[in-house]
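Biologist: I have a new model open and would like to learn how to read it feature by feature. Can you walk me through it?

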Amino acid sequence: MTKTKKNSSAIQRRLIPSYIFLIIVCFISVFPIYWMLTAATNTSYDVSQGRIVFGGYALENFKALLKAASDSSKASLARVMWNSFLYAGLQTIISIFICSLAGYGFELYHDKNKDRLFGVLLLAMMIPGVATLIPLFTMMSRLHLLSTAAAFFLPGIATPFMIMMFRQNSRNFPTDIMEAARLDGLSEFAIFFRMYMPVMRSTYAAAAVICFMNAWNAYMWPRAVMTDNRAMTMQMLVANLSNGYTVDYGLLMMGVLFCSIPTMLIFFILQKQFAEGITGAVK
Amino acid sequence: MNKRRSIQAKQGRAGWMFLAPATILIFIMSFWPMIQAFIISLKKGSSANMTWQEPLYHNYERILQDTTFKTAMGNTFLYLLVEVPIMLILAILLAQILNNRDLKFRGLFRTMVFMPCAVSLVSYALIFKSLFATQGLINSALMHLGLISENINWLGTTATARAVIIIGLIWRWTGYNMVFYLAGLQNIEYSVYEAAKIDGANGWKTFWSITVPLLKPTIVMTVIMSINGTLQLFDESVNLTNGGPANTTITMSHYIWNMSLGQGVAKFGYASALAFVVFIMVGILAFINMKVGDTRD
Amino acid sequence: MKKKVVSLLLVSLLAMSSMAAMVSAEDAVELGGTSEDENTLTVAAWDANFNIPALEAAGEAFKAVNPDFNLEIQTVSGSSDVEQAITLAGSSGDYSQLPDIVLFQDHYIQKYVMDYPDAWQSLGDAEINWDDFGEEKLSYSTIDGEHYGVPVDNGTAIFAYRVDVLEEAGYTLDDVTGISWDEWLEIARNVKDKTGYALLSMDHSGDDLPYLFMQAEGQSQWADGQPNIADNETFKRIIEVIVQGANDGTIILANSWSDYTDQTIIGDQVAGVCNGNWIIPTIEQNEGASGKWEITTLPTLDGGEGYAANGGSSLYITGNCGKADLAKEFLAYTFGGGEGAMDTYDNALRNGGVITCCVSASESDVYQEGVAFFNDQPIYTAIVEMGTHVPVIEQNDYHYRMREYVGNAITNIINGADIDSEIANAQSQVEFEMEE
């Protein structure tokens with residue numbers, strides 16, 4: 001008993017450099033976010049004067065944000081938030097479904113041709129977003145999809161990265177289950193839905209987190225296709241706040257805060273599954 | 001025998017069915033626009049009625065004389081060579097430390113390191129811009145500590161502006177990469193480490209002889225992701241420094257944006273040619289990386 | 001537990017997506033750039049503290065005579081958003097997403113009318129007395145004698161000074177009016193020595209000083225559609241003034257727009273501001289300096305009062321507008337100097353600080369009032385008057401590219417590069433970009 005105690009305190013002592021290092025890193029990681037939080041509760045003047053403690057101006061900034069949102073979207077902050085949720089949510093669900101289908105197909109039915117196709121698809125990862133903006137915009141406008149959720153998510157749902165992630169994680173999917181299921185007469189698709197999806201749920205969670213964050217944070221593409229203000233997203237609203245001849249920092253940081261809450265929440269809720277799912281620890 | 005073959009055929013068909021939706025989408029949403037962009041890159045004139053360049057490859061020829069693009073390329077590769085190694089090494093180190101089961105508050109530390117990833121690109125550029133403003137918090141903190149005697153013009157001086165962009169990138173993405181490594185490490189049996197410890201290997205040695213080799217596939221993936229992300233770097237250049245001072249921090253994507261939609265110039269032909277060159281560069285680098293780090297088969 | 005969280009999440013995501021599908025289906029019907037309602041006009045604009053109040057004022061004024069009228073304002077994040085929307089619509093040939101009326105900065109309309117003729121409707125038959133506006137402002141939006149735009153704000157440049165600071169250094173506003181740049185630099189050094197204030201600042205990431213100073217000389221950076229800065233003696237002297245001021249510390253070249261406004265102007269580092277008059281609301285944010293500012297004209301190279309303009313935007317009717325008559329009537333009645341013009345511009349000034357370039361509208365009482373912040377000087381009427389003197393100079397679509405390369409050249413010269421080669425370099429870079 002005393003021995004283990006001594007041992008553990010010795011271990012802890014040896015870990016002191018690690019703790020110090022971690023504390024420094026965490027401070028650097030968190031400080032800008034802390035600053036954002038305090039700025040959201042202060043007046044613009046206080047922010048520019050370098051005030052870094054919480055102030056009493058949060059409500060005013062929030063009201064100003066509500067007003068700014070209703071001025072620019074002809075709706076409300078709730079509507080803008082809802083838009084962002086809607087688009088990001090739709091993109092996430094469709095994307096993880098389609099990409100998991102493909103990842104599963106590439107890994108568990110793999111042959112030479114499919115491997116070649118996979119190599120070709122990987123090329124899509126290297127296409128710069130600025131290059132395809134104009135052709136894609138023209139496509140969306142011909143299809144009369146501008147300002148709809150479809151225009152937002154269509155280019156983003158099938159991504160080589162997601163397919164790659166599902167493919168890699170599918171390596172841990174036990175093939176003998178598949179054989180057994182086939183003998184039981186399950187169709188190939190039934191195997192996917194009834195066996196694969198439940199087993200791979202932490203991969204799905206991890207993919208959902210990544211996909212949601214990307215979709216929620218998208219800016220350049222939505223700005224091009226969401227031409228109607230009623231379809232505005234949070235990123236566009238925040239960009240609106242930072243332009244104009246004068247900038248109100250308190251208000252701006254309140255907007256930034258609202259922009260960051262959902263992604264932080266999703267990560268906190270799913271962080272365990274996220275960590276497990278990312279390299280496919282199958283439970 | 002016959003039956004068996006038909007089952008195999010059925011399975012093969014099912015396999016292709018699984019791939020079909022994603023494959024079709026990628027072809028329509030990525031390759032087709034890229035082909036169109038390539039056709040545009042052979043043209044000139046206003047976007048409403050473009051005509052063929054003479055000779056057809058003229059836009060590509062022109063790139064060779066474009067000093068601004070050369071600057072942008074230099075900047076982008078500088079970010080790549082400085083930022084990516086620092087970030088990835090930091091991420092592996094953090095993952096290694098956080099993987100130690102004796103460490104207390106692991107969950108808390110992990111969450112805090114990951115937190116910057118939850119901040120959107122638009123937002124974090126705004127935060128960094130305010131912090132590094134001439135009268136910003138960083139300068140006043142340094143003044144109070146007596147480290148500097150007059151305000152540093154962080155974003156107005158080439159060297160510091162580049163440094164701020166690199167610091168911003170490291171801040172935003174280290175946690176993200178760390179999560180991948182951490183997950184990779186958790187797949188390594190803890191007993192391997194215990195054994196190494198008994199053999200008397202120190203932390204550094206375990207790191208190089210056990211952690212790095214076992215993490216190789218993860219490292220290859222994160223390197224490809226980082227190369228890809230850095231060569232297409234856009235938001236930081238636009239929102240943090242606007243490419244300045246004197247274009248010394250502009251990235252390739254930012255320059256392409258300026259040539260197409262950014263400043264009303266709408267030189268889509270030339271911008272598409274530039275974009276194609278970036279595409280080829282990313283492709284080559286990713287290919288080399290995959291060949292070097294290939295472990296499968 | 002884990003299972004529960006995941007399944008809960010999946011269920012909520014599913015619920016959300018089905019609701020989403022319904023909402024988006026309902027949205028798709030009413031989307032589009034214009035409104036179905038025959039009395040409603042849509043307009044895209046930006047800046048909730050400036051242009052938006054002006055448009056609201058116009059909407060109210062027109063509503064007073066047409067009670068059914070409704071102006072639907074779509075706020076975007078900047079002129080660049082509108083420009084981008086036009087370019088995208090023009091490239092795809094689909095204008096259906098454009099609103100009835102758009103507001104954007106004046107430099108592009110020439111190019112847009114040339115590139116996308118279908119995107120615009122001429123204002124030829126609108127009842128607007130064009131002589132009522134400053135000639136320089138109209139020179140942007142008139143193409144082959146055809147009018148396309150109705151001016152909203154007036155870009156006339158002012159040079160505002162802190163008279164208390166000047167006084168401390170032994171100068172009056174008269175001492176800085178109508179002088180040469182050399183004299184100005186001398187005064188600026190003295191002010192800096194005695195008070196610590198710089199006498200001018202500018203956002204160097206989009207440096208408008210060369211343009212403004214050249215226009216005050218009546219000259220352009222362009223000649224016959226080509227850059228004209230290399231071997232241009234006037235231009236070189238202007239650049240020397242800016243570089244000298246920057247080296248003396250009397251001209252602060254800020255890194256970004258927010259540094260320029262927040263740090264140098266509101267942050268009380270400068271005793272002088274030179275820019276388009278839309279900078280006035282920014283100056284007024286430093287409340288401690290109320291009553292201490294006054295405005296005047298720009299110096300010139302050889303002495304004498306200089307007049308210039310910067311920024312400013314106009315309203316244009318798009319090709320997508322099916323209610324062109326209503327739109328023209330609305331614009332003519334309000335911003336175009338019709339019966340509602342005084343109401344429109346008075347409220348635009350009160351609520352947004354927007355100053356007209358319509359001479360008859362500036363005869364209202366609001367315009368004649370002294371402004372307390374500017375030591376009771378009647379600055380608005382003064383600005384409108386100044387606007388009539390601004391010389392018309394050659395403009396170019398590559399205005400902003402020129403601005404960028406000239407700004408880069410200034411940075412390099414301050415850091416010790418040779419002025420002639422830097423200017424020649426800027427010229428060749430702009431030429432390179434303009435080449436097809």
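This is a predicted model: local features need pLDDT of at least 70, side-chain atom pairs count only at pLDDT 80 or more; totals for chains, interfaces and linings use all residues.

Biologist: What joins B:Glu54 and B:Pro55?

Modeller: The general idea comes first: most peptide bonds are trans, and most residues other than glycine have a negative phi. Here, B:Glu54 and B:Pro55 are linked by a cis peptide bond, with omega at about -10°.

Biologist: And which value does phi take at C:Asp144?

Modeller: C:Asp144 has a positive phi, near 50°, and it is a residue other than glycine. You'll find C:Asp144 in the loop between β4 (142-143) and β5 (146-147) of chain C.

Biologist: Okay, sheets next. What should I look for?

Modeller: Strands of a sheet pair through backbone hydrogen bonds, either parallel or antiparallel. In chain C, five strands make an open sheet with mixed pairing, in the order β2-β1-β3-β14-β6. Its edges are β2 (70-76) and β6 (149-151) of chain C, each pairing on one side only. On average, neighbouring strands of this sheet are turned by 25° against each other, direction ignored.

Biologist: In which sense do β1 and β3 of chain C pair?

Modeller: Parallel: strand β1 (residues 40-46) and strand β3 (residues 101-105) of chain C pair over two bridges. To locate one of the residue pairs, go to C:Val43, whose bridge partner in β3(C) is C:Ile101.

Biologist: What is the strand order in the open sheet of three strands in chain C?

Modeller: That order is β12-β7-β13 of chain C, and the pairing is antiparallel. β12 (272-276) and β13 (293-296) of chain C each have a single partner strand, so each has one side without a neighbour in the sheet. Strand β7 (residues 157-162) of chain C runs antiparallel to β13(C), and four bridges join them. C:Ala160 has C:Ile295 as its bridge partner in β13(C).

Biologist: How about helix packing?

Modeller: Two packed helices are described by the angle between their axes and the distance between the axes. In chain A, helix α12 (residues 201-217) and helix α15 (residues 249-277) pack at about 150°, with axes 7 Å apart. α12(A) and α15(A) are therefore roughly antiparallel, and their crossing is left-handed. The residues making this contact include A:Phe212 and A:Trp216 of α12(A), and A:Phe267 and A:Phe274 of α15(A). By class, the contact of α12(A) with α15(A) holds 12 nonpolar, five polar and one charged residues.

Biologist: At what angle do α9 and α12 of chain A pack?

Modeller: Helix α9 (residues 160-170) of chain A packs against α12(A) at about 165°, with axes 11 Å apart. α9(A) and α12(A) are therefore roughly antiparallel too, but α9(A) passes α12(A) in a right-handed crossing. A:Met162, A:Met165, A:Phe166 and A:Asn169 of α9(A) meet A:Thr203, A:Ala207 and A:Cys211 of α12(A). That contact divides into five nonpolar, two polar and no charged residues.

Biologist: Last topic: interfaces between chains.

Modeller: The size of an interface is often given as the accessible area lost when the parts come together. Here we can go by residues in contact: 67 of chain B touch 66 of chain A. Helix α1 (residues 2-40) of chain B supplies the largest share of chain B's side, 18 residues. This side of chain B has 44 nonpolar, 22 polar and one charged residues.

Biologist: How many residues does the contact take from chain B and from chain C?

Modeller: 26 residues come from chain B and 25 residues from chain C. The side of chain B that touches chain C has nine nonpolar, 15 polar and two charged residues.

Terms used: Residues are numbered from 1 along each chain as its sequence is written. Chains are lettered from A and ligands numbered from 1 in the order in which they are written. Two strands pair if DSSP finds at least two bridges between them. Axes are lines fitted to C-alpha atoms, for helices over the stretch in contact, and angles run from 0 to 180 degrees between N-to-C directions. Two residues are in contact if their C-beta atoms, placed from the backbone, lie within 7 Å. Ala, Val, Leu, Ile, Met, Phe, Trp, Tyr, Cys and Pro count as nonpolar, Asp, Glu, Lys and Arg as charged, and the others, Gly among them, as polar. Angles under 35 degrees count as roughly parallel, over 145 as roughly antiparallel, 65 to 115 as roughly perpendicular and the rest as oblique. A crossing is left-handed if the near helix is turned anticlockwise from the far one by less than a right angle, and right-handed if clockwise.
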